[in-house]
Amino acid sequence: MIDRFWSRRGKTSPQEADLPAGENVPQHVAIIMDGNGRWAQNRGLPRFAGHHSGMKAVKKVTMAADRAGVKYLTLYAFSTENWKRPKSEVDFLMRLPQEFLALELEELIENNVQVRMMGYQENLPSYTLEALEEAIEKTKDNTGLVLNFALNYGSRAEMVDAVRAIATDAVAGQLNPDDIDERLFAGRLFSSELPDPDLLIRTSGELRLSNFMLWQLAYSELWFTDVYWPAFTEELFQEAITEYQRRARRFGGLT
Ligand code: IPE
Ligand code: IPE
Ligand code: MG
């Protein structure tokens, strides 16, 4: 089973022949995993059933990204605004990383995946944080796909904090305001060790960013689908990559 899902890059099994060509694969794909609640409600199920099924899509997409040759996969799992939801839903969501990693960490390790997280750790329950910290520690030397969970992440707060840190350094005389440039600013964000996303995917038909990586997505290609996150498939992921490969990125210049 593991082999079927995780067949390594470079192998040329018939299954892999269907994957997008190795050229121009986005290095960093970011996903706003949206629509869990509506997926469940459409089936007469409680919202949390959608969150639970969404976990399976996380696994599928992680495997698909690895097999396609993506280097970084960032998944928006919980925003700084999602605390507004009922406590019971928040509690359920906060249990998911632990459950996901209990099921999948071993296989992630076997497949050389490196787990990371970005977001505000302070407010996370200890069981959430500890599960992620264990995964991060156990995979820190892995050199394959980087699986980055955006958890309690909010882009505006991230940027305001960066500004505050820069201002504090400037006031302390450790930084000359003339030296503040895009590179320095980006270096103060949670994503300082990641390239900007090349491709952003959002599921569930919503056409907005919902406070996700506002700085980092400046020149990313955007791809939307009406499919709810729990119904997202490897085929759809490949469709997004293929579409990406057809786009002409100009960054303000000319092709
Ligand atoms: C995405 O699904 C998961 C999180 C935001 C945590 P939603 O829970 O937002 O599902 P919808 O958008 O209400 O259907
Ligand atoms: C964005 O989805 C956050 C995550 C997917 C984690 P939301 O469901 O919170 O976004 P809005 O409220 O529809 O903009
Ligand atoms: Mg939503």
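Ala, Val, Leu, Ile, Met, Phe, Trp, Tyr, Cys and Pro are counted here as nonpolar, Asp, Glu, Lys and Arg as charged, and the others, Gly among them, as polar. By these classes, the shell around ligand 2 has five nonpolar, two polar and four charged residues, while the shell around ligand 1 has three nonpolar, five polar and five charged residues.

This is a predicted model, in which local features need pLDDT of at least 70 and side-chain atom pairs count only at pLDDT 80 or more, whereas totals for chains, interfaces and linings use all residues. Residues are numbered from 1 along each chain as its sequence is written, chains are lettered from A and ligands numbered from 1 in the order in which they are written, and side-chain values use heavy atoms, with hydrogens and water left out.

**Ligand 2**

A residue belongs to the surroundings of a ligand if one of its heavy atoms lies within 4 Å of it. Around ligand 2 these residues are Ile 32, Met 33, Asp 34, Tyr 76, Ala 77, Phe 78, Asn 82, Arg 85, Arg 202, Arg 208 and Ser 210. Strand β2 (residues 72–79) gives the largest share of this shell, three residues; helices (H or I, at least four residues) and strands (E, at least two) are DSSP runs, numbered from the N terminus.

**Ligand 1**

Ligand 1 is surrounded by 13 residues, of which the closest are Asp 34, Gly 37, Arg 38, Arg 47 and Arg 85. Here the largest share, three residues, comes from α3.

**Polar contacts and cover**

A polar contact is a pair of N or O atoms within 3.5 Å; within protein, one must be able to donate a hydrogen and the other to accept it, and residues adjacent in sequence count only if both atoms are side-chain atoms.

| Ligand | Residue | Distance |
|---|---|---|
| Ligand 1 | Asp 34 | 2.8 Å |
| Ligand 1 | Arg 47 | 2.8 Å |
| Ligand 1 | Arg 85 | 2.6 Å |
| Ligand 2 | Arg 85 | 3.2 Å |
| Ligand 2 | Arg 208 | 2.8 Å |
| Ligand 2 | Ser 210 | 2.6 Å |

Of the 390 Å² of accessible area that ligand 2 has on its own, the protein covers 78%, and of the 380 Å² that ligand 1 exposes when taken alone, the protein buries 87%. These areas come from the Shrake-Rupley method with a 1.4 Å probe; for residues, only the protein chains shown count as cover.
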